[in-house]
Structures are given as structure tokens and as C-alpha cells.
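Biologist: Before we use any labels, I would like each one set against its cut-off. Can we go through them one by one?

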Amino acid sequence: MFTKEEIEKKVLSIESDYKGSITCIYGESGCGKTYRALFMKAFKEVDVILDGDSVRTYLNDDLGYSDEDRRRNNIRIAKIALMLANQGLRVAISTVRADIAYEWLEGKVERLHKIHLDKNHEEILEDTRKK
């Protein structure tokens with residue numbers, strides 16, 4: 001049996017070990033966002049991928065593709081990512097407008113990164129992840 005103090009000490013040590021992160025990958029349709037996220041997962045750079053199309057299919061099927069619906073979709077995805085990052089997971093968000101998620105997440109998570117891809121699968125904005 002554990003004492004209350006032992007349990008509290010263990011819980012606090014676990015909470016301080018959480019080092020989750022979020023990487024927002026965005027760009028036009030067909031630019032390789034999902035491929036980049038899968039690459040990161042294959043090389044153990046992320047634990048979870050939140051792909052915009054998949055999340056829309058399973059959780060956000062009430063939304064379309066208007067600017068406002070894309071904004072709402074990305075904020076919902078950002079909230080899920082934040083919940084997972086707060087549990088120590090490294091999350092990749094892969095959507096056309098993940099920049100919206102990035103802006104919503106700024107100041108809410110310590111380890112936040114963005115990658116902007118163009119049609120040639122090239123990074124057109126600096127990859128903000130630490131090498």
C-alpha cells in the first residue's frame with residue numbers, strides 16, 4: 001500500500017517528465033503534408049498524426065471546406081493536439097491550414113513547430129524544429 005505522500009510525489013514526478021510537442025505541417029492540397037507526417041512517424045519524430053482529412057471524417061463531419069469551416073476544423077484539431085501533448089506525446093498536425101492551428105496554439109504549448117510545404121514537397125518556410 002502506498003501513502004498519500006508517496007502517490008503525490010510520483011504523480012508530480014510524472015507530470016514534470018511530460019515533454020510533449022506539436023508540429024504543424026501545412027500547405028496546398030497534394031504538397032506532401034501527410035507523407036511528411038508519416039515520414040516523421042516512421043523515424044520516431046512524432047507519436048501521433050492528426051491528419052485533417054481523417055479528423056474531418058471521424059470527428060468533424062459537420063464541417064465543409066469554407067474558410068470558416070477550415071478555421072473551426074483546425075482549432076478543434078489544435079485542441080486535441082494540445083490535450084495529447086500535455087500527456088507527453090509528440091503530435092503532428094497535417095492540414096491545408098495548420099497555420100491556423102499553430103496560431104491558436106502559440107503560448108499554449110512550449111514545444112511548438114511549423115513546417116510549410118509547397119507543391120514540390122519543398123519547405124518554403126523555415127522548419128522551426130530544433131535540429
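Modeller: What follows is a set of questions about labels, each answered from a value and a definition.

Modeller: This is a predicted model, in which local features need pLDDT of at least 70 and side-chain atom pairs count only at pLDDT 80 or more, while totals for chains, interfaces and linings use all residues. Residues are numbered from 1 along each chain as its sequence is written, and side-chain values use heavy atoms, with hydrogens and water left out.

Biologist: What makes up the order of elements in the chain, from the N terminus on?

Modeller: The order is α-β-α-β-α-α-β-α-β, with five helices and four strands. Helices (H or I, at least four residues) and strands (E, at least two) are DSSP runs, numbered from the N terminus.

Biologist: Why does Cys 24 count as buried?

Modeller: Buried means under 20% relative accessible area, exposed over 50%, and partly exposed in between, with a 1.4 Å probe and protein chains only. Cys 24 has 0% relative accessibility, so Cys 24 counts as buried. Cys 31 is also at 0%, and therefore counts as buried.

Biologist: What makes helix α5 mostly covered?

Modeller: Six of the eight residues in α5 (98–105) are buried: Ala 98, Asp 99, Ile 100, Ala 101, Tyr 102 and Leu 105. These pack against β1 (21–27), α4, β3 (90–94) and β4 (112–117), where contact means heavy atoms within 4.5 Å. Just after α5, Gly 107 takes a positive phi of about 85°.

Biologist: What share of the residues in the chain is buried?

Modeller: Buried residues are 40% of the 131.

Biologist: Which residues lie nearest the centre of the largest pocket, and what is a pocket here?

Modeller: On a 1 Å grid over the protein atoms alone, a pocket is an open set of points where a 1.4 Å probe fits, with protein on both sides within 12 Å along at least five of seven lines; lining residues have an atom within 4 Å of a point. There are 16 lining residues, and Lys 33, Asp 53, Ser 94, Thr 95 and Val 96 lie nearest the centre. Helices α2 (33–42), α3 (52–58) and α4 (67–85) each supply at least two residues of the lining.
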